[in-house]
Amino acid sequence: MTIAFVFPGQGAQTIGMGKALAEAYPAAKAVFDEVDAALGEALSQLVWEGDIETLTLTQNAQPALMATSLAAMRALEAEGVSIDKAAFVAGHSLGEYSALAAAGAISVADTARLLRTRGQAMQSAVPVGEGAMAAILGLDLEAVRAVAEEAAQGEVCQAANDNDPTQVVVSGAKAAVERAAEIAKEKGAKRAVTLPVSAPFHCALMQPAADVMAEALADVAITSPAVPLIANVRADAVTDPDEIRKLLVEQVTGSVRWRESVQSMAAKGVTEFWEIGAGKALSGMIRKIDRNLTSRQVGTAEDVAAITAG
């Protein structure tokens with residue numbers, strides 16, 4: 001059995017995530033303390049006792065989800081399961097930063113600061129209400145690309161997340177995304193669901209955020225990860241620090257090639273995926289990508305106990 005550790009993206013956040021891990025494992029609590037110190041605020045208090053609207057703000061959700069993933073990773077390590085149990089790491093959008101931190105390529109403190117910067121930059125790149133994202137259900141990537149091209153009409157409209165064979169997300173100018181939703185339904189999509197996001201991620205409108213991240217990443221120490229990263233924009237393995245830095249900038253405007261990333265890992269021999277952190281969205285996608293692959297969640301103290309019990 002060959003395992004990959006995968007790390008969730010935005011949307012998985014819940015109030016209380018990681019709290020039981022922090023209570024059960026001092027090393028997990030230390031992650032939240034380190035993130036709080038890096039950001040100069042009690043993000044952990046917001047995660048455990050705050051309101052979901054504030055937690056869902058991009059600048060909060062991104063470091064909070066990373067902290068929860070790393071807390072789960074530290075709990076595994078406390079039970080004797082290290083990062084080298086995995087053949088690869090990968091993450092969905094912001095989850096790529098969690099994957100890199102878990103693999104030791106970027107420090108937890110630097111990752112927290114990068115994700116706070118990334119969240120703020122992505123939020124401010126496009127005025128609220130001018131962009132949108134929609135999940136197109138029931139059409140494949142090529143069909144959705146054709147829909148986005150037809151809907152653009154001089155505005156930005158792109159396939160942003162290729163999540164699984166049944167779900168591709170489009171992102172761009174609000175009117176163009178609305179047109180894409182209607183065109184997709186005309187072309188046989190089962191549904192087109194507008195996503196409750198505050199900005200149009202992973203499209204050309206995010207270029208100002210990419211510029212901010214290029215500057216932020218230039219000053220951060222990145223080392224080779226302990227296990228290879230399957231990068232979002234390439235859907236293939238990368239270990240070179242300079243290449244990782246470049247791909248993290250490209251990721252801001254580029255598509256999240258999740259379906260291809262999972263297929264790439266499967267082709268390299270991965271048979272089981274551990275979803276490290278909050279929720280189980282990635283596990284659902286993985287099942288739709290390849291029914292022969294298995295997945296399990298590692299987001300609670302009970303999950304860690306179940307894994308280490310064998």
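This is a predicted model: local features need pLDDT of at least 70, side-chain atom pairs count only at pLDDT 80 or more; totals for chains, interfaces and linings use all residues.
When the lining of the largest pocket is divided by class, 17 residues are nonpolar, 15 are polar and 3 are charged. The second largest pocket, with a volume of about 180 Å³, is lined by 16 residues, and M17, G18, A278, G299 and T300 are those that lie nearest its centre. Two or more lining residues of this second pocket come from each of α1 (19-24) and α14 (301-308), with α1 giving the most, namely 3 residues. The lining of the second largest pocket comprises 6 nonpolar, 8 polar and 2 charged residues.

E275, which is found in strand β9 (residues 272-276), is buried and yet takes part in no salt bridge, the nearest side chain of opposite charge being that of R287, 7.4 Å away. The side chain of E275 instead makes a polar contact with the side chain of S283 at 2.7 Å, and it also reaches the backbone nitrogen of A281 at 3.4 Å.

Side chains of opposite charge can pair when their charged atoms come close, and the structure as a whole holds 16 salt bridges. In one of these, the side chains of E41 and R116 meet with an N to O distance of 3.1 Å. Because E41 lies in the loop between α2 (26-39) and α3 (43-49) while R116 lies in helix α7, this pair ties together parts that are 75 residues apart in sequence. E41 is partly exposed, with a relative accessible area of 34%, whereas R116, at 10% relative accessibility, counts as buried.

A further salt bridge joins E150 to K187, with the closest N and O atoms 3.6 Å apart; this pair links distant parts of the chain, since E150 belongs to helix α8 (residues 141-152) and K187 to the loop between α9 (174-186) and β6 (191-194), 37 residues apart. Both partners are partly exposed, E150 at 42% relative accessibility and K187 with a relative accessible area of 47%. In the salt bridge between E182 and K185, the closest N and O atoms are 3.3 Å apart, and the two residues both lie in helix α9, 3 residues apart, about one turn of the helix. Elsewhere, salt bridges that share partners join R234, E243, K246 and E250 into one network.

Definitions and conventions: Residues are numbered from 1 along each chain as its sequence is written. Side-chain values use heavy atoms; hydrogens and water are left out. Ala, Val, Leu, Ile, Met, Phe, Trp, Tyr, Cys and Pro count as nonpolar, Asp, Glu, Lys and Arg as charged, and the others, Gly among them, as polar. On a 1 Å grid over the protein atoms alone, a cavity is a set of points where a 1.4 Å probe fits but cannot get out, and a pocket is an open set with protein on both sides within 12 Å along at least five of seven lines; lining residues have an atom within 4 Å of a point. Grid points are joined across faces, edges and corners, and a volume is the space filled by probe spheres set on the points. Helices (H or I, at least four residues) and strands (E, at least two) are DSSP runs, numbered from the N terminus. Buried means under 20% relative accessible area, exposed over 50%, partly exposed in between (1.4 Å probe, protein chains only). Lys and Arg count as positive and Asp and Glu as negative; His and the chain ends are not counted. A salt bridge is a side-chain nitrogen of Lys or Arg within 4 Å of a carboxyl oxygen of Asp or Glu. A polar contact is a pair of N or O atoms within 3.5 Å; within protein, one must be able to donate a hydrogen and the other to accept it, and residues adjacent in sequence count only if both atoms are side-chain atoms.
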